[in-house]
Amino acid sequence: MSFARVWVHLIWSTKNREKIILKEYKEKLLEHIKTNAVDKGIYIDTINCVEEHIHILILLGKSQTISDVVKLIKGESSRWWNKNKFTKYKFEWQNEYFAISVSESIVEKVRDYIRRQEEHHRCKSFSEEKDEYQKKYGSIEIKND
């Protein structure tokens, strides 16, 4: 019997890092992403976002690829947002994303980090966070969909 248990921390931003995820729509967006993920067989453990980017901790299924999961989440959520016309501007996610493997031993730490995004970004911008990731993990190849 095949077995896989691969935790992945996903991060991506809105197109041009536009601060378009308004507080009054944030919970609707997160709930929609979670519901759609269940329908697509994607296991989202923890999810949160701020105005211009999102963090998601997933448990990757044995036949899933990171790229496919990201495409499904990003594509469907932006279509849903635009269909519902939450803003007068077209909602788009950027093409790039970060995908970082997570050791089983620090899953709880990553969950906590994702849950505290609002608090975290009062002190540190998304650009500063990206720079820290690059310093910590070396030159990060930004993956396009």
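**Reading the terms off the model**

Colleague: Why does N16 count as exposed?

Modeller: N16 has 63% relative accessibility. Exposed means over 50%, so N16 counts as exposed. Keep in mind that this is a predicted model.

Colleague: Where is N16 found?

Modeller: N16 is in the loop between β1 and α1.

Colleague: What makes the phi of N16 worth a remark?

Modeller: N16 is not a glycine, yet its phi is positive, about 60 degrees. R17 also has a positive phi, near 55 degrees, and is a residue other than glycine. R17 is found in the loop between β1 and α1.

Colleague: Is R17 buried, exposed or partly exposed, and how do you know?

Modeller: The relative accessible area of R17 is 32%. Buried needs under 20% and exposed needs over 50%. R17 is therefore partly exposed.

Colleague: What is the overall layout?

Modeller: The protein has five helices and five strands. Along the sequence they run β-α-β-β-α-β-α-α-α-β. Of the 145 residues, 46% are buried.

Colleague: What share of the contacts joins residues at least 24 apart?

Modeller: The share is 74%, among contacts between residues at least 6 apart in sequence.

Colleague: Why is K74 called buried?

Modeller: Its relative accessibility is 4%. The limit is under 20%, so K74 is buried. This lysine is found in helix α2.

Colleague: What is the handedness of the crossing?

Modeller: The crossing of α1 and α2 is right-handed.

Colleague: Which residues meet there?

Modeller: From α1, they are Y25, K28, L29, H32, I33, N36 and K40. From α2, they are L72, I73, E76, S77, W80 and W81.

Colleague: Take L29. Why is L29 called buried?

Modeller: L29 has a relative accessible area of 0%. That is under 20%, so L29 is buried. L29 sits in helix α1. Setting aside residues up to four places away in sequence, L29 touches I21, S77, W80, W81 and W93. L29 and C49 are 20 residues apart along the chain, with C-alpha atoms separated by 9.3 Å.

Colleague: I42 is in a loop, between α1 and β2. How do you know whether I42 is buried or exposed?

Modeller: The relative accessible area of I42 is 4%. With the limit at under 20%, I42 is buried. Beyond four places in sequence, its contacts are A37, I58, Q64, V69, L72 and I73. I42 and L72 are 30 residues apart in sequence, and their C-alpha atoms are 9.2 Å apart.

Colleague: Which residues touch the most other members of the largest nonpolar core?

Modeller: They are L10, W12, I44, I54, I56, I58 and I73, out of 27 residues. The elements giving two or more residues to this core are β1, α1, β2, β3 and α2.

Colleague: What belongs to the second core?

Modeller: The second core is separate and has seven residues, including W7, L57, V102 and I114.

Colleague: What makes I56 a buried residue?

Modeller: I56 has a relative accessible area of 0%. Buried means under 20%, so I56 qualifies. I56 lies in strand β3. Leaving aside neighbours within four places, I56 is in contact with V8, H9, L10, W12, I44, T46, I47, I73 and I114.

Colleague: And which residues does I54 touch?

Modeller: Not counting residues up to four places away, I54 touches L10, I11, W12, L30, I33, I47, N48, C49 and W93.

Colleague: Last one. Which residues of α3 are buried?

Modeller: V107, V110, R111 and I114 are the buried residues of α3. They lie on the same side of the helix, because their arc around the axis covers only 105 degrees.

Notes. Residues numbered from 1 in each chain as written. Predicted model: local features only at pLDDT ≥ 70, side-chain atom pairs only at ≥ 80, totals over all residues. Heavy atoms only, no water. Buried < 20%, exposed > 50% of the residue type's maximum accessible area, 1.4 Å probe, protein only. Helix = DSSP H or I, 4+ residues; strand = E, 2+ residues; numbered from the N terminus. Arc of directions from axis to C-beta. Core = buried A, V, L, I, M, F, W, Y, C linked by side-chain atoms within 4.5 Å. Contact = heavy atoms within 4.5 Å. Left-handed = near helix turned anticlockwise from the far one by under 90°.
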